[in-house]
Amino acid sequence: MNNRLRNKLWFLIFILIPLMLILGACTEKSDVTAKKDTNSSDKKDVEASHDHASLVLKNGKVYTMEEDQPLAEAVAIKDGEIQFVGSSSDAEKYVGEDTEVIDLEGKMVSPGFMDGHTHPPGLWTSKLFEVYLAELESHEEYVQAVADFREKNPKAKIITGDGWVNGPYEQADGTNPGPKKEDLDAVVSDIPVMLYSIDKHSVWVNSKALEIAGITKDTVVPKGGMIERNPDGSPRGVLREGAMDLLADVQALSNLTDEQYKEAILEFQQEMHSFGMTGVMNMSGGDRSLKVLNELEKEGKLTMRVANAIVFGPETQPEEAVAKIQDAGKKYNSDWLSVNTVKLFADGVTEGKTALFVEPYTKNAGMGSHHHGDANWKEDTFNKMVSKLDKEDIQVHIHAIGDGAVKMGIDALELAKKENEEHNSRHTITHISAIQDSDISRMANLGVIASLQPFWFYKDQYYDLEKAMIGEERTLAMYPAREMWDAGVTISSSSDYPPTPDYRPLNAIETGATRNSPYPEEQDTDLVRNLDQALTVKEMLQSYTKNVAYQIYRENDLGSLKAGKKADMVVLGEDLTNIEPKNISETSIVYTIVDGKIVFKGE
């Protein structure tokens, strides 16, 4: 081998080959590093797409109210919204170091309950600052409560309160004129006394209040109102419906401050959360209510979703109503507080003989044999108001107890639909104690929502009064919820608190499913009314969640549990669909969650 060949060989063995091996190793290391970097990047992408939740509920029975995923096991929440609804195993990817995780151990989760017709702060103003009668049972107790209040508040310029019922005042002949002014005069005669009935459709006053208001035997009664009178024509001391407006000068003496009203709202809010409630349709959305709710929102203290209605009567011109609603809608338009609804009273109430029925009242009403009740509006005035509101895309919420008033409401809405362009109006008729079969189908065809109060579906505190006024057969047939649901009417449930002093949704859900009293001490008595009109538990759940959200135009972010929606929900101690319906009212509220935060925690 010559020297030149030998040198090439040495070069290959000792220099080139080792250099190639080193370069290969570096390349391999570079590939491995690249793979590691790629894996790291993938991991970061996964983490980025599944931000850690602030709260995860797992191992539960989640009723979503969504058709494509009706049941789930877990919910993940972040920034007030639902991140994820699905299995508990899949929910683990949302759990981080700072995530609060609650093991539900099989408990039930539902969208938060919402009340489609209520009056915050309800009885809380009376409980805190006025004469509170709702838990008393006799006339003597009512009068004593007024006397006690006067003794504790000797400098008061007026005494107000509410909660009395008409029942104790039924006469031997079956009539019911209500209590007398003289009984209040006996304990307070120098300042006015105004006590509203539990249904808010009547007021009991003393002589001083009548004197200030100028009400005498010659006073003309406003349309749709009633002044109960003595045989000589003098006022007895009870005014009903539109006649209560005659007491405006007396009501103006009320000295409830905004701060007191705010305190009452906060008490109501905490109580409703303890019932599993997360939102309401506020039927008392007047100037003070909106002002106080807005202040609470700014202070970060408003933890309930509030849609508001403003009430207008026949004295208001349609253009005036539209302008006020539109102005309020611009001022109050947030996730927490909104306005786009007008409430109109078509009639009064059965126990007050002021509800409007197709067939007449019985003689027990004391109004003759041809008394049907009175509409609160002239027909053409009512139709013009409804049509104008509908044209401006403002929701109409009509109070109608009797079947005559329901017919009047449907007629007006049908006429508005013919006169105006088709739009998503979602007009609502509330109460509907009685309705003709033909009007059920008309409601369904028009898309009119029925805001019903399931608390009234059994032989409740008003039943005997109703029976006395219109007869047993008609009273038993009230609230045909099954027929309405099957016909396609959207039923949104509500309480009408405080006319209904109990507003717990679980009690209403039970009553809607059993048509019986939700109170254990009464369930074995004869209180069932119209059992064939019962709804299922799942239908009742829908009526208190998804359907109310639809009623208040919030179905896109409330009423069901789905990623992207507001994290408003309730955790219940048991699965309501898997227990005896009569035990629903006794089910515990474990958590109420609003905007992703626990606002109530049960024991």
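I began with the aromatic pairs and counted 13 of them; the model I worked from is predicted.

I then looked up F113 and Y544, which form an edge-to-face pair with 6.4 Å centre to centre and 70° between the planes. I located F113 in strand β8 (residues 113-118) and Y544 in the loop between α18 (537-543) and α19 (546-551). The two are 431 residues apart, and I noted that the pair links distant parts of the chain. I checked accessibility as well and found both F113 and Y544 buried.

My next entry concerns Y169 and W204. Their ring centres are 6.4 Å apart and their planes stand at 65°; I class the pair as edge-to-face because the angle is over 60 degrees. I placed Y169 in the loop between β10 (159-164) and α5 (181-185), and W204 in strand β12 (residues 202-205). I read 6% relative accessibility for Y169, so I count Y169 as buried. For W204 I read 0%, and therefore W204 also counts as buried.

I next recorded one aromatic cluster, formed by F268, F275, Y497 and Y503.

Last, I turned to charges over rings. I found the charged end of K127 over the ring of W124, at 4.3 Å from its centre. I also found R474 over the face of F357, 5.2 Å from the ring centre.

How values were computed. Residues numbered from 1 in each chain as written. Predicted model: local features only at pLDDT ≥ 70, side-chain atom pairs only at ≥ 80, totals over all residues. Heavy atoms only, no water. Phe/Tyr/Trp six-rings, centres within 6.5 Å; stacked < 30°, edge-to-face > 60°. Helix = DSSP H or I, 4+ residues; strand = E, 2+ residues; numbered from the N terminus. Buried < 20%, exposed > 50% of the residue type's maximum accessible area, 1.4 Å probe, protein only. Lys NZ or Arg CZ within 6 Å of the ring centre and 35° of its normal.
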